Amino acid sequence: MLKSLEHLIQSHDIILFDAECVLCSAWADFMIKHDLHCQFKLVSVQSNIGQQLLTYCHLPTDHFETMVLLENGQCYTESTAFLRIMRRLDFPYRSLKYARVVPKPIRDFAYRRVALNRYRLFGKTEQCYVVTPDIQQHFLLDDALR
């Protein structure tokens, strides 16, 4: 039985990340370590399902400038995505939710400076993020649509 993309979006809160970016892969590792209840599913933007989710959010599928959070079917990007994720993690990370008092244009400006320079600052991996059986429960892989 085929699962629809809409069903996956409604069933999971999803974080899309650039699996070729060293910083973004470190972010995925952070989420695996600190999302103790698997509240979020990670998806590489380079994967088939990642490309479909980017299209769903009306975002480019050929260059990646932001992490994306799909929460309750709604797409969030940049600092808003980051803060919405942090508020659902345990202390001390949950405290970062208070950063939303900083005006969104200022938060997003800072986010964009890092995002646009992430390859230069942190590098690019030679291979995409490797999902091993011990962390597979944190991911939605392409076979999730089968």
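Predicted model: local features only at pLDDT ≥ 70, side-chain atom pairs only at ≥ 80, totals over all residues.
L89 lies in the loop between α4 and α5. Helix α4 is largely enclosed by the rest of the structure, because 7 of its 9 residues are buried. It packs against α2 at an angle of about 20° and against α5 at an angle of about 95°.

- With a relative accessible area of 1%, L89 is buried, since the cut-off for buried is under 20%.
- Not counting residues up to four places away in sequence, L89 touches F30, M31, H34, D35, Q39 and R94.
- Among these partners of L89 are M31 and H34, which are also listed with the buried residues of α2.
- The C-alpha atoms of L89 and R118 are 24 Å apart in space, and the two residues are 29 apart in sequence.
- P92 also has its place in the loop between α4 and α5.
- The peptide bond that joins F91 and P92 is cis, with omega of about 10°.
- Most residues other than glycine have a negative phi, and most peptide bonds are trans.

**Helix α2**

- Helix α2 runs over residues 22–34, and its 13 residues should span 18 Å at 1.5 Å a residue; the end C-alpha atoms are 18 Å apart, which agrees.
- Buried residues of α2 are C24, S25, W27, A28, M31, I32 and H34.
- An α-helix has 3.6 residues a turn, so residues three or four places apart point the same way.
- The cover over the buried residues of α2 includes strands β1 (13–17) and β2 (40–44), together with helices α4 (78–86) and α6 (118–122).

**Packing of α2 with α4**

- Two packed helices are described by the angle between their axes and the distance between the axes.
- For α2 and α4 the angle is about 20° and the axes are 13 Å apart.
- That angle makes α2 roughly parallel to α4, because angles under 35 degrees count as roughly parallel.
- The crossing in which α2 passes α4 is left-handed.
- W27, F30 and M31 of α2 make the contact with F82, I85 and M86 of α4.
- By class, the residues of this contact of α2 with α4 are 6 nonpolar, no polar and no charged.

**Packing of α4 with α5**

- Helix α5 covers residues 104–116; its axis and that of α4 are 7 Å apart, and the angle between them is about 95°.
- The two helices α4 and α5 are therefore roughly perpendicular to each other, as angles of 65 to 115 degrees count as such.
- On the α4 side the contact involves E78, S79, T80 and L83, and on the α5 side K104, R107, D108, Y111 and R112.
- The contact of α4 with α5 divides into 2 nonpolar, 2 polar and 5 charged residues.

**Burial within α4**

- E78, S79, T80, A81, L83, I85 and M86 are the buried residues of α4.
- The elements covering them include β1, α2, β2, β3, β4 and α5.
- S79 lies in helix α4 and counts as buried at 6% relative accessibility.
- Apart from residues up to four places away in sequence, S79 touches R107, D108 and Y111.
- E78 is buried too, with a relative accessible area of 13%.
- Leaving aside neighbours within four places in sequence, E78 is in contact with T66, M67, D108, Y111 and R112.
- E78 and L121 are 43 residues apart in sequence, and their C-alpha atoms are 18 Å apart in space.

**Positive phi values**

- E78, found in helix α4, has a positive phi near 50° although it is a residue other than glycine.
- N72, a residue other than glycine, has a positive phi near 50°.
- The position of N72 is the loop between β3 (68–71) and β4 (74–77).
- N72 is exposed, with a relative accessible area of 66%, whereas E78 is buried at 13%.

Definitions and conventions:
Residues numbered from 1 in each chain as written. Heavy atoms only, no water. Helix = DSSP H or I, 4+ residues; strand = E, 2+ residues; numbered from the N terminus. Expected span 1.5 Å × (residues − 1). Buried < 20%, exposed > 50% of the residue type's maximum accessible area, 1.4 Å probe, protein only. Contact = heavy atoms within 4.5 Å. Axes fitted to C-alpha atoms, helices over the stretch in contact; angles between N-to-C directions. Parallel < 35°, antiparallel > 145°, perpendicular 65-115°, else oblique. Left-handed = near helix turned anticlockwise from the far one by under 90°. Nonpolar A, V, L, I, M, F, W, Y, C, P; charged D, E, K, R; others polar.
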